[in-house]
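Please read this briefing with the structure open beside it. The points below are grouped by topic.

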Amino acid sequence: MHLLNLGILAHVDAGKTSLTERLLHTAGVTDEIGSVDRGSPRTDTLALERQRGITIKSAVVSFPLDSVTVNLIDTPGHPDFIAEVERVLGVLDGAVLVVSAVEGVQAQTRVLMRTLRRLRIPTLVFVNKIDRRGARGASVLEEMTRRLSVPLVPMGTAAGLGTRAARFVPGLGPSALDVLADHDDDLLAAYVTHGISEGRLDAALAAQTRQGLVHPVWFGSALTGAGVAGLVSGVERLLPPASGDPDGPLSGTVFKVERGPAGEKIAYARIFSGTLRVRDRVPLGAGREEAAGHEEAAGHEEAAGHEEAAGREEAAGHEKGDGREKGDGREKGDGREKGDGREEGRITALTVFDHGGDVRREEAGAGRIVRLWGLGGVRIGDALGTPGRAAGHHFAPPTLETVVVPGPGADRRALHLALTQLAEQDPLIGVRHDELRRETSVSLYGEVQKEVIEATLADEYGLDVTFRETTTLCVERPEGSGAAVEFNKKDGNHFLATVGLRVDAAPPGSGVRFGLEVELGSMPYAFFKAVEDTVHETLGQGLHGWRVTDCAVTMTHSGYSPRQSHAHQGFDKSMSSTGYDFRGLTPLVLVEALRRARTVVYEPMHRFRIEAPADTLGALLPVLARLGAVPESTGGHDRAGVLEGAVPAARVHELGQRLPGLTRGEGELETVFDHYAPVTRGPLPERPRTDHNPLDRKEYLLNVTRRMGD
């Protein structure tokens with residue numbers, strides 16, 4: 001029997017989880033249909049999900065059909081949890097996009113469909129809630145065609161709209177041939193010459209759907225089951241099964257990490273090739289994207305005194321710090337082991353998804369989604385074995401930040417640990433610790449996510465917290481090029497190291513690249529690695545405190561003091577370079593190079609779309625101007641007007657509040673992150689630093705080094 005890894009995606013409240021429950025019931029996996037309203041859906045396992053009636057974490061459940069076993073992944077619909085959706089996309093064979101027959105196309109619907117099209121994921125569309133009052137059929141189809149701008153093939157029509165008796169009437173209409181012929185000239189020629197059989201039309205539909213060229217549409221109701229049988233048939237006939245050679249080299253991707261009852265990490269992974277077995281030693285980590293401008297990892301923070309505590313290491317590659325040992329390529333302390341540059345973990349247990357649950361197995365082959373135990377250092381995005389599909393970033397990074405304020409009696413260390421564990425499960429959510437101010441902040445997507453973090457800390461960790469006002473996250477980009485160098489034992493250099501760095505501006509979206517213009521063999525590799533790692537850490541806070549992105553950093557000079565020993569006294573750290581020297585010197589050199597390149601602060605901009613009565617658009621324009629918005633196009637249909645443009649992310653909330661009063665309560669606002677733009681209004685935003693402040697050399701040296709020269 002074939003396997004199919006299927007994602008269910010939708011705007012919040014479109015009925016996605018209810019459809020999942022209906023599919024499980026239809027397949028015979030459950031005797032009773034779970035209800036979001038009653039807090040009993042099978043895929044919403046978190047207590048918070050059941051309380052709030054929304055999906056927060058993706059969940060996997062399996063069910064058999066006649067010819068295929070489906071691993072169904074239910075994803076969050078709320079935009080605050082888009083990171084969960086992002087990680088699922090890379091492991092799917094196909095998707096079902098759910099649209100409400102009442103609300104129609106919504107902001108998240110458009111974002112999801114654009115992404116599915118860009119990734120060429122074969123996608124079916126299910127128009128849900130045809131039994132609800134206000135449900136629409138043909139007009140929703142027209143709205144999807146217009147607003148999604150994708151080729152749709154209606155698989156039938158809806159009858160009895162808005163009643164409990166609403167049903168789906170199957171049958172391809174004349175428009176199906178028009179849509180399919182746009183992608184198949186032979187099909188059109190055959191129709192003109194001698195007509196087309198139903199079998200030929202079905203074959204063309206299947207082929208084009210599997211290529212992601214067209215999207216079949218069903219109407220129905222997850223509540224009553226109307227139209228679900230047709231959708232199930234479409235899943236079997238039109239979506240491609242999972243592929244991959246079980247005898248090939250192991251290749252898989254980790255898309256979710258959770259903690260078990262004992263605090264152990266459990267990894268969810270899709271196997272694309274090969275077979276994974278219990279007790280296997282698995283290379284992992286290669287192919288992981290280190291942010292590419294999307295994250296500030298919790299591990300990148302530097303607490304006061306950290307470098308001194310970690311700093312007095314053994315030299316020439318035998319370094320010790322933060323509980324790890326380096327030298328021969330092995331690390332200890334985070335559940336990872338290195339051999340010849342690759343990290344490894346040993347599988348201690350493995351389960352696969354089957355008939356609604358997960359079942360222990362000794363092995364799992366290509367196409368499977370598995371849960372894995374034993375990979376203590378695993379992270380979301382890790383490749384298992386041979387790197388396969390790159391995880392990539394398909395949605396916007398979080399553009400908001402807030403400070404977490406511990407309640408009375410709350411343990412700050414426990415809070416930091418809890419937030420770090422939450423960030424493990426959502427790597428796009430950065431945790432930033434300011435030791436000087438004794439504050440911890442988190443980046444996030446919206447206010448709902450903030451509420452969920454608060455509830456999770458209370459329910460799972462027993463920590464009472466509040467939050468300060470949410471602020472906008474900006475970024476810095478170099479304006480040009482700049483270079484700096486400090487030589488070992490010269491010109492007041494307090495570190496036994498030579499480091500030269502050049503910073504060059506790079507195209508938007510390119511992230512940070514590190515390269516060498518010096519010979520790799522000119523000094524121990526551990527020192528180069530110390531410089532590279534410190535460059536990425538230092539770029540977390542630019543000249544104005546914001547993360548620096550879209551730049552190339554090149555190491556132009558290197559040098560070190562070789563290992564020195566005295567008879568009967570062993571290694572002399574005062575005369576030998578250590579990783580501490582390179583980690584200490586690099587921020588000073590890099591910041592000076594940034595000063596010479598100069599950086600520009602960019603703020604996040606959202607693309608907005610306002611649909612409102614045409615006669616109200618005139619009153620909107622001056623308000624948009626005061627908010628710093630830039631209208632770029634106008635249009636409309638019937639008596640409604642449409643206004644599109646860009647608005648600073650910091651003003652989106654205010655725009656939403658002002659809109660009803662300006663449009664007689666009829667205005668609809670859609671916004672989505674679009675790009676970063678230079679800050680041109682008001683004072684330049686500054687972000688408080690949490691590092692040792694390499695902008696001030698004297699302060700930095702006082703904080704970092706005990707070698708106080710003149």
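**Aromatic rings**

Tyrosine 268 and phenylalanine 353 are both buried. The model they belong to is predicted. A search of the whole structure finds 6 aromatic pairs, and the notes below begin with two of them.

- Phenylalanine 255 and tyrosine 268 make an edge-to-face aromatic pair, with 6.2 Å from centre to centre and 65 degrees between the planes.
- This pair links distant parts of the chain, since phenylalanine 255 is in strand S10 (residues 251–259) and tyrosine 268 is in strand S11 (residues 265–273), 13 residues apart.
- Both phenylalanine 255 and tyrosine 268 are buried.
- The ring centres of tyrosine 268 and phenylalanine 353 are 6.1 Å apart and the planes are at 25 degrees, so this pair is stacked; planes under 30 degrees apart count as stacked.
- Tyrosine 268 lies in strand S11 and phenylalanine 353 in strand S18 (residues 349–354), so the pair ties together parts that are 85 residues apart in sequence.
- Phe255, Tyr268 and Phe353 form one aromatic cluster.

**Charges over rings**

- Arginine 477 lies over the face of tyrosine 602, and the distance to the ring centre is 4.6 Å.
- Lysine 490 lies over the face of phenylalanine 487, at 5.8 Å from the ring centre.

**Helix H16**

- Helix H16 spans residues 652–662, and Val652, Leu655 and Leu659 are buried in it.
- Seen down the axis of H16, the buried residues fall within an arc of 45 degrees, so they line one face of the helix.
- An α-helix has 3.6 residues a turn, so residues three or four places apart point the same way.
- The exposed residues His653, Gln657 and Gly661 are on the face of H16 turned away from its buried side.
- Arginine 664 follows H16 and has a positive phi, near 60 degrees.

**The chain as a whole**

- The chain contains 17 helices and 39 strands.
- Of the 710 residues in the chain, 55% are buried.
- Among contacts in the chain with a separation of 6 or more, 74% are between residues 24 or more positions apart.
- The chain exposes about 30300 Å², and carbon and sulfur atoms supply 50% of that area.

Note on methods. Residues are numbered from 1 along each chain as its sequence is written. This is a predicted model: local features need pLDDT of at least 70, side-chain atom pairs count only at pLDDT 80 or more; totals for chains, interfaces and linings use all residues. Side-chain values use heavy atoms; hydrogens and water are left out. Buried means under 20% relative accessible area, exposed over 50%, partly exposed in between (1.4 Å probe, protein chains only). Helices (H or I, at least four residues) and strands (E, at least two) are DSSP runs, numbered from the N terminus. The arc is that of the directions from the helix axis to the C-beta atoms. Contact means heavy atoms within 4.5 Å. Accessible areas come from the Shrake-Rupley method with a 1.4 Å probe; for residues, only the protein chains shown count as cover. Rings of Phe, Tyr and Trp (its six-membered ring) pair if their centres lie within 6.5 Å; planes under 30 degrees apart count as stacked, over 60 as edge-to-face and the rest as tilted. A charge sits over a ring if NZ of Lys or CZ of Arg is within 6 Å of the ring centre and within 35 degrees of the ring normal.
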